[in-house]
Amino acid sequence: MDQRGAHGRQVEELIPATDRFLRGRTFGSARVFWGSVFHAIPEDMEDPLDLDRRTGLPDALRMLADKFPREIWETHPEFNALTRFWLDRHLMFRRLQGMLIEETEGFLDGRADARRYASSLSRLAGTFLNELQGHHGIEDAHYFPLLAARDARLAAGFELLDSDHHALDAGLHGLADRTNAVLRKPETAATEVLRIDLVRFRALLDRHLIDEEELVVPIILEYAGAGLS
Ligand SMILES: [Fe+2]
Ligand SMILES: [Fe+2]
């Protein structure tokens with residue numbers, strides 16, 4: 001199979017994988033929930049805790065984050081292998097995003113030809129989308145329910161993270177569409193649209209990962225692993 005054929009097959013696989021994942025999600029009522037906890041948010045107003053607006057966890061969710069600052073996590077006796085593995089997954093997502101942006105800018109700057117760029121984009125985007133979808137699924141189904149049950153004061157934080165996942169899923173869907181558009185026809189205009197989308201998504205995901213880590217790791221340290229295995 002020539003290079004174009006190989007790319008075509010991966011493009012076809014990328015879209016159904018994303019759609020299957022998105023169809024399995026139900027869009028919850030995190031907005032209503034947060035409105036009842038912190039402040040009444042009329043439906044037509046933008047929530048300052050939305051992923052694209054907030055600048056960190058609200059004070060009401062920082063009691064353990066302040067007790068266990070990031071600098072002491074790895075030397076704490078309850079910092080275990082699973083926590084290390086989970087943080088390493090976050091690191092991998094950050095690296096994959098950096099590589100995707102770097103490859104895209106390289107193509108736009110004329111440092112890579114279309115064929116090489118398409119090959120890298122297909123491989124990196126496929127890995128990023130699939131791995132991040134799987135990661136969200138495990139957190140939603142397994143980690144978050146256990147962690148939320150450990151400390152009722154922080155249960156609302158997991159509603160916030162769930163709301164983030166929905167926002168990120170919508171972003172992933174858009175990224176898959178723009179990636180496929182570039183893979184079909186790697187023109188400058190479509191590639192620039194993808195670059196802008198990648199940079200915007202990196203900011204959203206980074207906000208989510210930081211807040212998630214500052215909610216989850218302190219619970220694990222406070223509650224001796226929090227029952228995760
Ligand atoms: Fe997450
Ligand atoms: Fe995560």
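I started with contact range: among contacts in the protein chain between residues at least 6 apart in sequence, 79% join residues at least 24 apart. I count a contact when two C-beta atoms, placed from the backbone, lie within 7 Å.

A note on provenance: this is a predicted model, where local features need pLDDT of at least 70, side-chain atom pairs count only at pLDDT 80 or more, and totals for chains, interfaces and linings use all residues. Residues are numbered from 1 along each chain as its sequence is written, with chains lettered from A and ligands numbered from 1 in the order in which they are written.

Next I looked at the fold. I find seven helices and zero strands in the protein chain, and from the N terminus on the elements read α-α-α-α-α-α-α. Helices are DSSP runs of H or I with at least four residues, strands are runs of E with at least two, and both are numbered from the N terminus.

I then checked burial. Of the 229 residues in the protein chain, 29% are buried. Buried here takes 20 or more other C-beta atoms within 10 Å of the residue's own, exposed takes 12 or fewer, and partly exposed is in between.

On to H4, residues 81-108. H4 has 28 residues and reaches 40 Å from its first C-alpha to its last, close to the 40 Å expected; that expectation is 1.5 Å times one less than the number of residues. Its buried residues are Thr83, Trp86, Gln97, Leu100, Glu103, Thr104 and Phe107, and they pack against H5 (114-150) and H7 (188-222). After H4 comes Gly110, with a positive phi near 85 degrees.

How do H4 and H5 cross, and at roughly what angle? Their axes come within 10 Å and cross at roughly 155 degrees, with axes fitted to C-alpha atoms over the stretch in contact and angles running from 0 to 180 degrees between N-to-C directions. H4 and H5 are therefore roughly antiparallel, the label for angles over 145 degrees. From H4 I noted contact residues including Arg89, Phe93, Leu96 and Met99, and from H5 Tyr117, Leu121, Phe128 and His135 are among them. The contact residues divide into eleven nonpolar, four polar and two charged. Nonpolar means Ala, Val, Leu, Ile, Met, Phe, Trp, Tyr, Cys and Pro, charged means Asp, Glu, Lys and Arg, and the others, Gly among them, are polar.

Last stop was Asp162, in helix H6 (residues 155-184). Asp162 is partly exposed, with 18 other C-beta atoms within 10 Å. Asp162 and Glu139 are 23 residues apart in sequence and 9.1 Å apart in space, C-alpha to C-alpha.

How values were computed
Angles under 35 degrees count as roughly parallel, over 145 as roughly antiparallel, 65 to 115 as roughly perpendicular and the rest as oblique.
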